[in-house]
Amino acid sequence: MKLTRTSDLWWKNAVIYCLDIETYADGNGDGCGDIRGLIQKIDHLDRLGVTCLWLMPFFPTPDRDDGYDITDFYGVDERLGSLGDMVELIRTARDRGMRVIADLVVNHTSAQHPWFQSARSSPDSPYRDWYVWQDKPPADGPQGVVFPDQETSLWEYDRKAKQYYLHRFYKHQPDLDVANPEVRDEIARIMGFWMELGLSGFRVDAVPFLLETDGLADADALPDPHDYLADLSAFLRRRNGEAVLLGEVNLPYPDTMPFFGANDGGGSTDELTMCFDFIGMQQMYLALARADAEPLAEALRHRPDPPEDGHWATFVRNHDELTLDKLTDAQRKEVFDAFGPDEDMQLYGRGLRRRLPPMLGGDQRRIRMVYSLLFSLPGTPVLYYGEEIGMGEDLSLPGRFAVRSDMDWAAVQEQQPDPDSLLSWMRLLVDSYRACPELAWGACTVLDPGSDARPVFAHSCGTDGTTVVALHNFADAEIDAAPVVPALAGMELVDVLDPRRGPVKVGDDGTIAVTLPPYGCRWLRCAEQ
């Protein structure tokens, strides 16, 4: 039997907070966020209960794609600070019990990267084969333009190289050939460099595109790309047994599971440590639009269990558009009609460039219910900066930048002393989540909320003799819920979020009768005997 120290699995009950240094806090007054500004605000994150910082790209860049077009994987953009500043940030975070992970953006580079400039200069360049070149776009190459409003093809002709190069994203972001052993070695060196400086892992950008071999010469003869992901994972863990790979894999559940890696019979993963639950997130928004919890319940009933030392990462919003691409056309229209009816709120026909509070009309009951749901669902909760204070989007900014506006520190200061503020609610949720380890470690069961309680999402998480039953009302109406948990028959459940409420007595048949107010939520906990 494989034994794993829980300290090695710190991410199982982590609270991850994603931010862009450039828009977070300005420490020197030049109008641009920087590392020193982030260090000055680290106590805000500490008070919130954050245990892991996820930094969006901070590397040198022409900044044509918000830093995802990188010209040096071993540096820090001078606008943001220096390598010394970055080490100081990592040390300061560690002093407060926070680990730091960073975006690993190695599907492509900037076209201004010295590697690409050398590659296009001559067929004999040592970097020529670091990119994907063809004399003409192959018919069996990758399909689907990621940014249909900006690009019409995945191939761009380079007059200097006299060949076409592959770019899954913008034409100024040529794809690296990850089938090339030299490229693979370089990516490992990049990871090793930053881990030596103190990073605890990486959020891996665009994982399916990173592993894609369509369009490569002799693609059928290439090794399984998942073997490469397993190699990266093995390298990471040799350097630091606690390090993580958090993968951006927006695929249906059956297609996502292979990215955790091969199951060795002991429930271990040898590829990604965590994968974002894009399917559950999209079904949650459909449930919100319908005021009916069933779409989310159905999704989670069919969500596969991750390996024992793997986990799902759950989220409400992230730094991109709110992608709804895995919904049907009719379902997507329902969400658009409910939360983004204006064309300017939509992006690429597949998502919304909005944040949650404006989508819900600023209704605090509904907003708080959604975040209660986030912290009670099985998985590691991931927050996007500004969510803790209810920041909205800025639709005057282009594209995805609408949800990447500057952090609103005035709102933080206003909410800080107010016990009834959203910030205080978020702190309560984080504290409650950390106080209920069964939410992170326990087995989850989606419960039937009762015959007349379809708007209610009910689930239980239990481990080591304790159980939490969570109920969330998606409707603007009072609902009587009656889930049944036979193992809790006759017991008393205490309200975690508001202990002042009296205990809930479970019926002899295991029925938990609870009346939920409009958009109400309850976490009920019992120490089993």
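Is tyrosine 127 buried, exposed or partly exposed, and what is its relative accessible area? In this predicted model, tyrosine 127 has a relative accessible area of 27%, so it counts as partly exposed, given that buried means under 20% and exposed over 50%.

Let's look at the rings around this residue. The count of aromatic pairs comes to 30. One of them joins tryptophan 115 to tyrosine 127 in a stacked arrangement. That pair links distant parts of the chain, twelve residues apart: tryptophan 115 belongs to helix α5 (residues 114-121), while tyrosine 127 is in the loop between α5 and β4 (133-134). Tyrosine 127 also pairs with tryptophan 130, this time edge-to-face. Here are the two pairs side by side:

| Pair | Centre to centre | Angle between planes | Geometry |
|---|---|---|---|
| Tryptophan 115 and tyrosine 127 | 6.4 Å | 15 degrees | stacked |
| Tyrosine 127 and tryptophan 130 | 4.8 Å | 75 degrees | edge-to-face |

Both partners are buried: tryptophan 115 has 10% relative accessibility, and tryptophan 130 has a relative accessible area of 6%.

Arginine 128 places its charged end over the ring of tryptophan 133, 4.7 Å from the ring's centre. Likewise, arginine 404 lies over the face of phenylalanine 401, with 5.9 Å to the ring centre.

Finally, a visit to helix α10 (residues 278-290), where glutamine 283 is found. Glutamine 283 counts as buried because its relative accessibility is 15%. Leaving aside residues up to four places away in sequence, glutamine 283 touches Pro295, Leu296, Ala299 and Leu327.

Technical notes. Residues numbered from 1 in each chain as written. Predicted model: local features only at pLDDT ≥ 70, side-chain atom pairs only at ≥ 80, totals over all residues. Heavy atoms only, no water. Helix = DSSP H or I, 4+ residues; strand = E, 2+ residues; numbered from the N terminus. Buried < 20%, exposed > 50% of the residue type's maximum accessible area, 1.4 Å probe, protein only. Contact = heavy atoms within 4.5 Å. Phe/Tyr/Trp six-rings, centres within 6.5 Å; stacked < 30°, edge-to-face > 60°. Lys NZ or Arg CZ within 6 Å of the ring centre and 35° of its normal.
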